[in-house]
Amino acid sequence: MVRNVTGAPVVGDDLYGREAEIERLWTALDRGDSLLMLAPRRVGKTSLMRELEWDPRLTWDVVYIDVEDASGAADLFARVIAALARDGRYRNWLEAGRLPHALRSVWTSLTQVKALGVELKRAVGQDWASTADYLERRLERLPEGRRLLIIIDELPILISRMLVSEGGREDAGLLLARLRRWRQTPALRGKVQTLIGGSIGLEGVLRRARLSASINDLAPFRVASWSRPTAARFLNDVGDDAQFPLADRRIERMLDLLRDSVPYHVQLFFAALQNDCDGAPGALSSTVIERCFEERLTGPEGTPYLDHYASRLEFVFDSPAREFAYEVLARACRLENGVPRSEVAAAGGARAARTGEVLQALEADGYLERRGDRVAFRSNLVRVWRRKQRGAAS
């Protein structure tokens, strides 16, 4: 049965059409790669990560942490230890080592693992480097025949936050160097690997801070939207299972309007149609499809689901480049086929030297794509929403 799960990460049978990506991930991990998984929001990056955790291959143990709201290196290492400690085997394994004094002072007083993260953050914050040293020593002594995958989701957002905080650039560099050391220490080879994920471009963030070398050993793993045939199959299957079947011509029109088959957007569109028709398939028409797209998805009702496309530019660019990026997007959203690249460069004025950098970042983060000598929005949904937002603000 195919369920239309919107918003939350999905695993198992609810993770639709990603069999090839899961196989590629395990193939890369089995050969010893540590990975950098970058993808725009809502294409299913986190679901892929959680699937690795939920259904690990034989001999693998997987822990997942999300650091989008983390405050620094201490927070990250506290979350790694807390995630490991949720598994009784790893809790015992951690306790078997000589716990740093800061950890020892809180560890024995804890009776509930779910409270571990907050307490550990306070303890680790006193000296996160010592905690990282301890954790590295314990990782070198993993049980024979076991391999550990540590998944760190949204690291680019944490690094961006650190870079603008007082003393944060030095700490960010030390944190990235520590994670790199884990990947390259001979004693950890074949035992511990990392998968770093992000919905903004880590390369661009680190390039501005001159820290790019800290991730050049990670193998890139790109996650794209569904292919059009996969999106069509999903809508056909979910419609049948929800007793809200969609005719092929309705599916084609929905996908034409979206243009880029971002799984979350496809799911939102189906849910909007089902709600608008009160679940009665006979009420569905081309008029309803157009109205749902114009009013529910790209109108004010759609803002809570799409506003992150605006807010995450704060992390991707410094202030001058961000203003230029806003101008590029404003020009590109006017027409479905975008604007000539030469027009973008001309609009840059004194910032024209950064045209390539800005366009590269907007393309990498899923806003724009090249079409011949033009640049255009990948998603028609995002394009129309942004055009309306710009019109409302002017």
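Author: Pro-340 stands opposite Arg-374 in β8. Two bridges join β6 to strand β8 (residues 374–377), and the two run antiparallel. Strands pair here if DSSP finds at least two bridges between them. Strands are DSSP runs of E with at least two residues, helices are runs of H or I with at least four, and numbering starts from the N terminus.

The model is predicted: local features need pLDDT of at least 70, side-chain atom pairs count only at pLDDT 80 or more, and totals for chains, interfaces and linings use all residues. Residues are numbered from 1 along each chain as its sequence is written, and side-chain values use heavy atoms, with hydrogens and water left out.

Now the sheet. It is open, with three strands in the order β6-β8-β7 and antiparallel pairing. β6 (339–340) and β7 (368–371) stand at the edges. Each has a single partner strand, so one side of each is left without a neighbour in the sheet. Strands of a sheet pair through backbone hydrogen bonds, either parallel or antiparallel.

Next, the helix. α20 (residues 355–364) lies across β7 and β8. It runs at about 110 degrees to β7. Axes are lines fitted to C-alpha atoms, for helices over the stretch in contact, and angles run from 0 to 180 degrees between N-to-C directions.

Leu-368 is found in strand β7. Is Leu-368 buried or exposed? Leu-368 is buried, with a relative accessible area of 1%. Buried means under 20% relative accessible area, exposed means over 50%, and partly exposed lies in between (1.4 Å probe, protein chains only).

Which residues does Leu-368 touch, leaving aside its neighbours within four places in sequence? Contact means heavy atoms within 4.5 Å. Val-328, Leu-329 and Ala-332 are among the contacts of Leu-368. Leu-359, Leu-362 and Glu-363 are also in contact with Leu-368. Pro-304 is 64 residues from Leu-368 in sequence. In space, the two are 21 Å apart, C-alpha to C-alpha.

For contrast in setting, take a loop residue. Thr-185 sits in the loop between α9 (168–184) and β4 (192–198). Thr-185 is buried too, with a relative accessible area of 14%. Leaving aside neighbours within four places in sequence, Thr-185 is in contact with Glu-136 and Glu-140.
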